[in-house]
Amino acid sequence: MIHIPFDHSYASDLPEAWVPVRPETPPAPELLYWNAELADELGLDTEQASEAELARLFSGADVPEGAQPIAQAYAGHQFGGLSPALGDGRALLLGEVVDRNGQRRDIAFKGSGPTPFSRRGDGKAAVGPMLRELILGEAMQALGIPTTRALAVAATGETVHRERPLPGAVLTRVAASHLRVGTFQYFAIRGERDMLQKLADYTIARHYPQLAGADKRYLELLQAVSERQAELIARWMHAGFIHGVMNTDNMALSGETIDYGPCAFMDAHHPDTVFSSIDRNGRYAYSNQPAIAQWNLARLAETLLPLIAPDDPASAVPAATAAIEGFSERYREHWLAQARLKLGLIDAQDSDGELAEDWLTLLAAQGVDHTLAWRYLADAAEGKRERLAALFPTPEELEPWLLQWLTRLAIKTRRAVDVAAAMRRHSPLYIPRNHLVEEALDAASERGDMDSTLKLLEALRDPFTEREGLQRYALPAAPEVAEGYRTFCGT
């Protein structure tokens, strides 16, 4: 059997935060995808393993030697309503490995069967949603956005029943950790202060070791998590990414994007874009994501009050409130820093925020594709406006803003070609277009054909470099195809 050097710091340090569970044995495991590059990054010696061995190992048929499968406990606000006991309903943490860079990483199954937290669910997953998580995670990785990743996807050979029967699958997910805002909420709800402190100390040791031993480390933990989330959400917004289900149990304290359920990238830029079929009121719409992140962080702050001021938790409210209110400014700073890079600006002026916001307002008013507009703006830095202008129903509306931007850009000491190249390094051409993702998922689910998935992954591997033969991966769907597009959580 393949040797994986598992460690179990979460299980050993936080024994109250999990229950042991064994994955179900699938009837006919088949390897659909193996991330050899990630396996090497993790230091896994799998070169001699056959596909059959990998399929059994990463479907739950053979539990890896040294693994300690556990379901983690957590709570969560789901669409604003508190669920005091959620937990891993279809996920199992196998253990941790220390990768080649010295970073501790979780290895976990998703879709391997029921757990005590399944709440009458089957604990299973279908091929389509697991491949969506693979595709979106790898796209985010290539875009430079912190993310969990898929090590493997294995078909199970059994049928799972959702709106209709679907082929089952197990995804093996790699994450910096699976610590969530909801993990803290689980113990705060129960008034278990000692457990909260153990959890906070573990989080600090694992993700924010610079805070260990600091007098105000729990307040500083809140500030540090807030900082990472501010940068993460700013990157989402620039990429046009919509998570779709920003519940507190889906906010990782590591600052990674986690749980790719009803998520998608928008085509035409519009602040109110929603894709999730379960987000009927638009709570998690594109433009709401920064405010929702701040709201989630406020829920984390509530759990930390007894640690920030043990003798009088209420006295910690002003400091915690200041930390949460500071999120808006930190988010704005990260968003504006990214905007300057995409606009080709190498210095900062007070008017830059307004310039960037006016650009997005123009895109929304004209219904212009978010990704291509940013990308083709680089052409305009070289004096080539054809591709950019062609995106606009009324190109003359573009001209006033373009003149303002070119005046601000003031290419004098820099070559236009260098400015454009720098801009393209921050504005991708290839994103996981919704129609291409659905095409890939349908082919794999309905016909067992992984070719579309692999071709899409190859295009997404280098999203910033324009390549011959990949034109279809750069273009949005026709309006009649994109209209009414909805994503589903897979459960």
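Guide: Phe-275 and Tyr-485 make an edge-to-face pair, with 5.6 Å from centre to centre and 70 degrees between the planes. Phe-275 belongs to the loop between β12 and α8 (289-308) and Tyr-485 to the segment after α18 (479-482), so this pair ties together parts 210 residues apart in sequence. Here helices (H or I, at least four residues) and strands (E, at least two) are DSSP runs, numbered from the N terminus. Phe-275 is buried at 9% relative accessibility, and Tyr-485 is buried at 14%. In Trp-401 and Trp-405 the ring centres are 5.9 Å apart and the planes meet at 10 degrees, so this pair is stacked. Buried means under 20% relative accessible area, exposed over 50%, and partly exposed in between (1.4 Å probe, protein chains only).

Two notes on how to read these values. Residues are numbered from 1 along each chain as its sequence is written, and side-chain values use heavy atoms, with hydrogens and water left out. Since the model is predicted, local features need pLDDT of at least 70 and side-chain atom pairs count only at pLDDT 80 or more, while totals for chains, interfaces and linings use all residues.

Trp-401 and Trp-405 share helix α13 (residues 399-409), where they are four residues apart, about one turn of the helix. Trp-401 has a relative accessibility of 6% and is buried; Trp-405 is buried at 0%. Both also belong to one aromatic cluster, together with Trp-359, Trp-374 and Phe-392. A charge sits over a ring if NZ of Lys or CZ of Arg is within 6 Å of the ring centre and within 35 degrees of the ring normal.

Leaving out residues up to four places away in sequence, Trp-405 is in contact (heavy atoms within 4.5 Å) with Leu-343, Leu-355, Leu-377, Ala-380, Ala-381 and Met-423. Trp-405 is, with Trp-359 and Leu-377, among the residues with the most contacts inside the largest nonpolar core, which has 158 residues. Helix α7 (residues 217-239) supplies the largest share of this core, 13 residues. A nonpolar core is a set of buried Ala, Val, Leu, Ile, Met, Phe, Trp, Tyr and Cys residues joined through side-chain atoms within 4.5 Å. In soluble globular proteins, nonpolar side chains tend to be buried together.

A second ring with a charge over it is Tyr-74: the charged end of Arg-180 sits 4.4 Å from the centre of that ring. Tyr-74 and Arg-180 are both among the contacts of Asp-249, as are Ala-75, Gly-76, His-77, Gln-78, Leu-86, Gly-182 and Asp-259, neighbours within four places in sequence being set aside. Asp-249 lies in the loop between β11 (241-242) and β12 (264-265), and is buried at 7% relative accessible area. An unreviewed UniProt entry annotates Asp-249 as "active site"; UniProt positions follow the numbering used here, feature names are shortened, and annotations may be inferred rather than shown by experiment.

Phe-79 is in the loop between β4 (76-78) and β5 (81-83). Its phi is positive, about 55 degrees, although Phe-79 is not a glycine. At 30% relative accessibility, Phe-79 counts as partly exposed.

Conventions. Phe/Tyr/Trp six-rings, centres within 6.5 Å; stacked < 30°, edge-to-face > 60°.
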